[in-house]
Amino acid sequence: MILIADSGSTKTDWCVVERGELIQQIFTKGTNPFFQSEEEISNEIATALLPQLTANEFDAVYFYGAGCGFPDKIEMVHNAIIRHLNVLGEVEVSTDMLAAARGLCGHKAGIACIMGTGSNSCYYDGKHISANVSPLGFILGDEGSGAYLGKLLVGDILKNQMTPELKEKFLKQFDLQPADIIDRVYRKPFPNRFLASLSPFLAQNMDEPCVRTLVLNSFKAFLKRNVMQYDYQHNKVHFIGSVAFYYKEILAEATQEMGIQLGAIIKSPMEGLIKYHNKHQSVSLSSVSIS
């Protein structure tokens, strides 16, 4: 029995898997060691995950998360896991980018992209991420993400770049005043989550030309500044995440305009990760039995 976790900035999807079959699925808050301490991560596992688990003995745990790209951050998450979970074998802590690559491409090469609260991309050779353009976060990068779209939306609303009717509709729908927005972005924790929570307003008003243009240009910026630095002429480009999934029509339009081969667009990597680890474990067991 194995435990697979896919953690973004907003939520963590935990799946208990046995022989390739999903046994239990649990959702908790997102985990990001860049913004949380080891104690906070440990507490979330203890209070939100453990009470829901029907079993707490695993052959392996595979945790994929935002912010898990550096040794000290990996160690934080690793320590929090082994403090509360009984793991007989390996505990692998990897980036959410590797989760996307494995979930989208399996054991084949391709370009994998994340478009959720944040955005990221890589070239995956079928085993490893061999090239990655740094996403830089929603202030300097993260083009095409929910946080980036929310940032552009708020900027256009507050600088009167959208119609007065849209501005009034936005402020009323979210019960916000300009001062509230400034406070949430500059003073409160997790401004990326707040901005991403505003981005559905764009999907709801896609018939407005200024809204459609904002989203299309954001996706084109993501493709130009990230994807087109890989060998996109010879590889399909696959997408994962809520933004890619719900805006797939405009995303397809952006890829067509940029001359990019569009591959799969899926909401979550978990189904692909379950297949990947089932096959990976089967290969490992076969290798052990042969030796």
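Two strands count as paired if DSSP finds at least two bridges between them. Helices (H or I, at least four residues) and strands (E, at least two) are DSSP runs, numbered from the N terminus. This is a predicted model, in which local features need pLDDT of at least 70 and side-chain atom pairs count only at pLDDT 80 or more, while totals for chains, interfaces and linings use all residues. Residues are numbered from 1 along each chain as its sequence is written, and side-chain values use heavy atoms, with hydrogens and water left out.

**Sheet and packed helices**

Strand β8 (residues 110–115) runs antiparallel to strand β9 (residues 119–124), and six bridges join them. Within this pairing, Ala112 stands opposite Cys122 in β9. Both strands belong to an open sheet of five strands with mixed pairing, in the order β10-β9-β8-β11-β12. At its edges are β10 (129–131) and β12 (262–266), each of which pairs on one side only. From one strand to the next, the twist averages 35 degrees. Angles here run from 0 to 180 degrees between N-to-C directions, and axes are lines fitted to C-alpha atoms, for helices over the stretch in contact.

Contact means heavy atoms within 4.5 Å. Helix α10 (residues 209–225) packs on the sheet and touches β8, β9 and β11 (237–240); the direction of α10 makes about 140 degrees with that of β8. Helix α12 (residues 248–257) lies across β8, β11 and β12, at about 160 degrees to β12.

**Cysteines**

The whole structure contains zero disulfides, a disulfide being a pair of cysteine sulfur atoms within 2.5 Å. For Cys122, the closest cysteine sulfur is that of Cys105, at 7.2 Å, which is too far for a bond. For Cys15, the closest cysteine sulfur is in Cys68, at 17 Å, again too far for a bond. Accessibility is classed as buried under 20% relative accessible area, exposed over 50% and partly exposed in between (1.4 Å probe, protein chains only). Cys122 is buried at 0% relative accessibility, and Cys15 is buried at 0%.

**Aromatic pairs**

A search of the whole structure finds nine aromatic pairs. Rings of Phe, Tyr and Trp (its six-membered ring) pair if their centres lie within 6.5 Å; planes under 30 degrees apart count as stacked, over 60 as edge-to-face and the rest as tilted. Two of the pairs are tabulated.

| Pair | Centre distance | Plane angle | Class |
|---|---|---|---|
| Phe34 and Phe70 | 5.6 Å | 90 degrees | edge-to-face |
| Phe170 and Phe174 | 5.1 Å | 50 degrees | tilted |

Phe34 is partly exposed at 46% relative accessible area, and Phe70 is partly exposed at 45%. Phe170 is buried at 0%, whereas Phe174 is partly exposed at 22%. Ring pairs link Phe170 and Phe174 with Phe201 into a cluster.

Gly67 is in the loop between β5 (60–65) and α2 (71–84). Leaving aside residues up to four places away in sequence, Gly67 touches Asn32, Pro33, Phe34 and Lys73. Thr31 is 36 residues from Gly67 in sequence, and their C-alpha atoms are 8.5 Å apart.

Thr47 is part of helix α1 (residues 38–49). The C-alpha atom of Thr47 is 42 Å from that of Lys224, which is 177 residues away along the chain.
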